[in-house]
Amino acid sequence: DVNMINVYEHLPFDDPDGGVWKQGWELLTSDQEWSGRKLNVFIVPHSHNDPGWIKTVEKYFLEQTQHILNNVVDALSVDPTKKFIWAEMSYLSMWWDGASPDRKQKLKTIVKNGQLEIVTGGWVMNDEANTHYFAMIDQLIEGDWMEWLKHTLGVTPRSGWAIDPFGHTPTMAYILKLMNFDNMLIQRVHYSVKKYLAKEKSLEFRWRQTWDQSSHTDMTCHMMPFYSYDVPHTCGPDPKICCQFDFARLPGGKYNCWKVPPVAITDSNVEVKAKTLLDQYRKKSKLFKSDTLLVILGDDFRYSAMKELSDQYTNYARIISYINSHPQLNAHMQFGTLSEYFDAMKNEIGRLTQFFSFDKCLTSSNMCFSLPALSGDFFTYADREDHYWSGYYTSRPYHKMQERVLESHLRGAELLFALALPKVKWSQDGESFSRELYPLLVQARRNLGLFQHHDGITGTAKDHVVVDYGNKLMQSVMDSKKIMSFSAHILLSEMPSYDPKTTVLNFDEVFQGQNQPPQPTVIKLESEQRPVKVVLYNSLDYDRTGVVRLIVTSPSVVVMTENRNVIPSQTNPIWSDQVEPRTDRFELVFLSTVPAIGLAVYTMWEDNSVEDSTHATVHFINPPAGFGKRTRSKFQLDVEPMKDEFNIMNDQLVAYFSGKNGMLRAVTTVRDNMKTKLALDFAMYSSRQAKDKSGAYLFLPSGPAEPHTPDTYRPLVRIIRGPVMSSVHVLLPNVLHKVSLYTGTGAGTQSLGLHVTNDVDVRTGADNKELAMRLTSGISSGDKFFSDLNGFQIQPRTTYSKLPLQANFYPMPTMAFIQDDKSSINLNCFSRLTLMTAQPLGAASLKSGELEVILDRRLMQDDNRGVGQGVKDNVPTPENFVIMLERWTATGVKENKAKAQLAYSSMVVHQSSLELLHPVRAMSASHSSYMNVDYRSLPQPLPCEVHVLNLRALQSRDATLPSEDSALLLHTVGRECALDADKYFHPTCLMHGVERLAIAQSTLFKNMGLQKTSLSLQHDGERLNQESGISVSPMEIQAYKIKL
Ligand SMILES: [Zn+2]
């Protein structure tokens, strides 16, 4: 069995010239080899349609994709021997909406009779590096149009198809497994890994999750062996020959070959041509265990002309006919679909496994026909030389950030909508609530789904396409706010009502444009006689304590809970310039508690006589010349005394900063009073000056990063201190860097972490540069670090000197950490340093004790991967992070967790990460007398480990309205129990730490019945009776249909 960690350890990552198969080796075959055997070839025609890249999704559809689908449907329906596969449901749905009844009927027929296979069935072919598992699952469910495929076309997809994502994740294999898929195919994998697996005949394997102790997550996976999915790289090892069998490249057409052009197949050349092609097939088949061979036939946006389709089918039909009528060639060829290939391959292997005994399988690799198990992932992708695709982990960070913002808004809207629906349904407004808001919810799912595309969230589309994606994301964020606002209003009211013309609850922020940070809503405060009510929404599944921030019009505020307790609050200045606070608006912060998936109501008013709110104090380092101590809007502004070091603190941490430049230098954890080194600095990478330079996809640095500012640089530093929170602001070129500590008074996870915000702006002074944030600690992490895959699981990484710098960068969708490699307790340092991120970015640990992340990149040229431009449309982007420091407990040391090949986060980190992604949302009430009590959806807290991933109102058959059912997706996180921070926060959920947990059904909302279903929601299982509980295991995701 194969573990990718060991493969990386073992591979030399050299790049010898393999001849015609440049990245492989010379493959030889002969007629004798095939005597008594038969090569069974499946030609699978396909067309790769990006939902946005060079053109927007709508433009592609109008100009290309609708014609492609028309041609395919027309051609297949007149000839039952023709086959095709289709992946992108976003396009199929656009096509269906505009297709004639006749064509719709034709599509149904060719799908039902197996000529056209729907592969994956996702809204898009999602990126696998930057995506979060919430959105990956959501775009697959939406792509399935719920019941649409099943009920209209009579199919459920069973094979995954991912020929273009830039590297591959095992999370995808797990999700497809849970959706009852049988097979999957991947393509873009590092050429050295492909060569290694080809040598081992392990390009087909059972992809197993690293955390799976049995084999129940195994998913049959086919990895394509060569450089690309185009025809020159799919028929066999020699691209020059294979190109001659792409009949779309016949002379005079739209495409051509760079060497020898194809010629049409005729009676006089068919023998020579068939034998030439068969030779390639035979050579390719030597890389696989079975004699069943997959040959895909297509390319980007192929078959937009009927002639191309007929050229391809007709010429192949002649070759097929020749080969099949000459048994001495020992081959059989046919058009097929992807699942037909997998079925035939598995069938053959099944027969061979039965024929040879298991012992033989163990002793001789040639005799072993069962597919090996493989665990691990396929990052970071390189397609040739040292061209590593680690740039797209960071490209267009504003839109990556905005994707997570929409994801959080959509999830928040889904939950509240599903909970409000049963309450409003029987009222007179129920109908209009559903009819007006549900389509917005569906559109938000689709816009989030669209951006999961491998040229969307990756940041690899053209500028105007990025703008189109940005507008769609922004529109759906606003729509989700609307749904949350109206749903919250219903849940808080005794008599549910819905009036679309009256927004009772104002959104927390509004957008001015797709590439501008949202403007926070300013809450106008008045006297106690006219108090403002603010509704806080916590979409997470535990009672949550944390500091919330609002923008208000007064620096003197009284904040009261629903029980009429006045609580401590603090007002902070908002800056009109570097040292001058605004006098018309202020930041109000207070410690709130909001029920699990619930709403809390806070009341506030202005009171200038009573000092119930505390005004932050402000100190400056390196202020402008002539600055003197002063008071502005009740804030004391002063110069910090000159010292080597200053600090800010809360009840859990003391953070120390350089007195010269304000950068973080050390941290004391109050719980053990241990002061340890933790430095934070910025650095810049430059693109190399050679022929190939960094671009949207590629990271090609000229060498290690240089310090962003010289040692002597003295930026303006603001130090803001108060009882609720304290912050340090450092005003650097290209970045406004802020570190904050929040009070927790013993509750919640927020006070355990250092909260970092970087307002990044690389539009000036950073051409062909990449800005990095680097943490340096005393942890002896050696060459090991850990980064997450899709927010779902942790993958161990090794930094190799045998690899170029850019190869050692990995995706960081939600977090990365380093840990002490010693098994004893190092008293001088903490054991694990975790960096959590609110937006996907590229990360690395290039030296022991270091962790770094690329914040933004500005690249002035194309990197020759098709987008045809640089990345120059940078947008000022607020990027949020949390840093957590943890120490092994005695158990952790004893079990030598430091050496683990399998790692998890602690519960504290899981919750911090969720809180970073899903901030509490505040909605202020314009008229507020009706609201009296908090809203609580869960009768009892769920176990800590259980995360309500989604609660999603299902579509009814008429598709514009929600049905009676919702889908409930539960994820039980895997957690590390041997870290100390978990002991210091007081969870309001229940901690278990056992293998399997039981949840009583009665704790899951006010549900009227649960039915188990597959993650695709298409394979229903048993209906649970009210008494039976649910049993969950760490790492697993479960799906239910629930009646609320
Ligand atoms: Zn693509």
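Visitor: How much area is buried between domain 3 and domain 4?
Guide: This is a predicted model. In it, 26 residues of domain 3 touch 25 residues of domain 4. Carbon and sulfur atoms give 58% of the area buried between domain 3 and domain 4, and that area is about 2,000 Å².

Visitor: What is the geometry of the zinc ion site?
Guide: The protein donors are His48 (NE2), Asp50 (OD), Asp164 (OD) and His454 (NE2), 2.0 to 2.1 Å from the zinc ion. A tetrahedral site needs all angles between 85 and 135 degrees. Here the 4 donor atoms give angles of 91 to 167 degrees, and the site is irregular.

Visitor: How many residues apart in sequence are the parts tied together by histidine 48 and histidine 454?
Guide: The donor spacing is H-x1-D-x113-D-x289-H. Histidine 48 and histidine 454 are both buried. Histidine 48 sits in strand E2, and histidine 454 in the loop between helix H15 and helix H16, so the pair ties together parts whose separation in sequence is 406 residues.

Visitor: Why is helix H7 largely enclosed by the rest of the structure?
Guide: H7 spans residues 170-178. Among its buried residues are Met172, Tyr174 and Leu178. Helix H7 is largely enclosed because its buried residues number 8 of the 9.

Definitions and conventions. Residues are numbered from 1 along each chain as its sequence is written. This is a predicted model: local features need pLDDT of at least 70, side-chain atom pairs count only at pLDDT 80 or more; totals for chains, interfaces and linings use all residues. Side-chain values use heavy atoms; hydrogens and water are left out. Buried means under 20% relative accessible area, exposed over 50%, partly exposed in between (1.4 Å probe, protein chains only). Helices (H or I, at least four residues) and strands (E, at least two) are DSSP runs, numbered from the N terminus. Donors are N, O and S atoms within 2.8 Å of the metal (3.2 Å for Na, K and Ca); water is not among the atoms, so sites may look incomplete. Four donors count as tetrahedral if all angles lie between 85 and 135 degrees; four count as square planar and six as octahedral if opposite donors are over 155 degrees apart and all others between 65 and 115; anything else is irregular. Contact means heavy atoms within 4.5 Å. Buried area is the accessible area (1.4 Å probe) that two parts lose on being put together, summed over both.
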